[in-house]
Each structure stands twice: as C-alpha cells, then as structure tokens.
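Please look through the sequence and the model below before reading on.

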Amino acid sequence: SGVDCFFAPARSGEALSKPEAHGDELEICWVRKGRVKIQLPKEFHVLGPDEALKFDALLPHTYEILEDAELFIVHLQKTHRF
C-alpha cells in the first residue's frame, strides 16, 4: 500500500509529462540503460545507467529520452517516508 512501481522501456526522442497521474507522492526514477533528462521547474538532471533521482512528484516534471532507455519509476506516498 502506498508504493507503485513501474518498468518503462523508452525510445530516443520520446518525452512524457503526466501531472494528472500523481497525488501527494515522491517519485524515484532509476535508469537501468540509456540516458534520460528530467526537467523540473528550476533545474534539470541528465541520468545515465545506474543513476537515480528522487523528487516531489507534485512538481511539474518531464522525462525526455536522450538514448533508448529502460527506467524503473516508483511512486511513494509521502505518508510512507523512509
């Protein structure tokens, strides 16, 4: 309860932004393969293999796939803090 995990293969050139998919959650993106740019309101991060980023999922964010990639994405309700 309170944790949703997704495996997401993605092709270079794709982009995804679905703010309606989130409640009051934290989001973790772990890149298994490829390169991904995650755009947040005042910053961006480029992740490569075995790199991860945790952020507040309520922030507007976009995933831009820079190289064919495999991602693991976790949505974690804030009530289930580490």
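What volume does the largest pocket have? The volume of the largest pocket is about 320 Å³, where a pocket is, on a 1 Å grid over the protein atoms alone, an open set of points where a 1.4 Å probe fits, with protein on both sides within 12 Å along at least five of seven lines, and lining residues have an atom within 4 Å of a point. Grid points are joined across faces, edges and corners, and the volume is the space filled by probe spheres set on the points. Of the 18 lining residues, Ala8, Leu16, Glu27, Tyr63 and Ile73 are the closest to the centre of this pocket.

The model is a predicted one, in which local features need pLDDT of at least 70 and side-chain atom pairs count only at pLDDT 80 or more, while totals for chains, interfaces and linings use all residues. Residues are numbered from 1 along each chain as its sequence is written, and side-chain values use heavy atoms, with hydrogens and water left out.

Two or more lining residues of the largest pocket come from each of strand 1 (3-10), strand 2 (15-16) and strand 6 (62-77), strands being DSSP runs of E with at least two residues, numbered from the N terminus. Strand 6 gives the most to this lining, with 5 residues. By residue class, the lining divides into 11 nonpolar, 4 polar and 3 charged residues; here Ala, Val, Leu, Ile, Met, Phe, Trp, Tyr, Cys and Pro count as nonpolar, Asp, Glu, Lys and Arg as charged, and the others, Gly among them, as polar.

Glu27, one of the residues closest to the pocket centre, is found in strand 3 (residues 25-40). Glu27 is buried yet has no salt bridge, and the nearest side chain of opposite charge, that of Lys78, is 11 Å away. Buried means under 20% relative accessible area, exposed over 50% and partly exposed in between (1.4 Å probe, protein chains only), and a salt bridge is a side-chain nitrogen of Lys or Arg within 4 Å of a carboxyl oxygen of Asp or Glu. For opposite charge, Lys and Arg count as positive and Asp and Glu as negative, whereas His and the chain ends are not counted. The side chain of Glu27 does make a polar contact of 3.2 Å with that of His61 and another of 2.5 Å with that of Tyr63, a polar contact being a pair of N or O atoms within 3.5 Å, of which, within protein, one must be able to donate a hydrogen and the other to accept it, and residues adjacent in sequence count only if both atoms are side-chain atoms.

Across the whole structure, a search finds 6 salt bridges. In one of them, the closest N and O atoms of Arg11 and Asp68 are 3.5 Å apart, and this pair links distant parts of the chain, with Arg11 in the loop between strand 1 and strand 2 and Asp68 in strand 6, 57 residues apart. Arg11 is exposed, at a relative accessible area of 57%, whereas Asp68 is partly exposed, at 43%. Asp56 and Lys78 also meet in a salt bridge, at 2.6 Å from N to O; Asp56 lies in strand 5 (residues 51-56) and Lys78 in the segment after strand 6, 22 residues apart. Salt bridges that share partners join Asp24, Asp56 and Lys78 into one network.

Finally, the phi of Asp50 is near 65 degrees, a positive value in a residue other than glycine. Asp50 is found in the loop between strand 4 (43-47) and strand 5.

Methods: Helix = DSSP H or I, 4+ residues; strand = E, 2+ residues; numbered from the N terminus.
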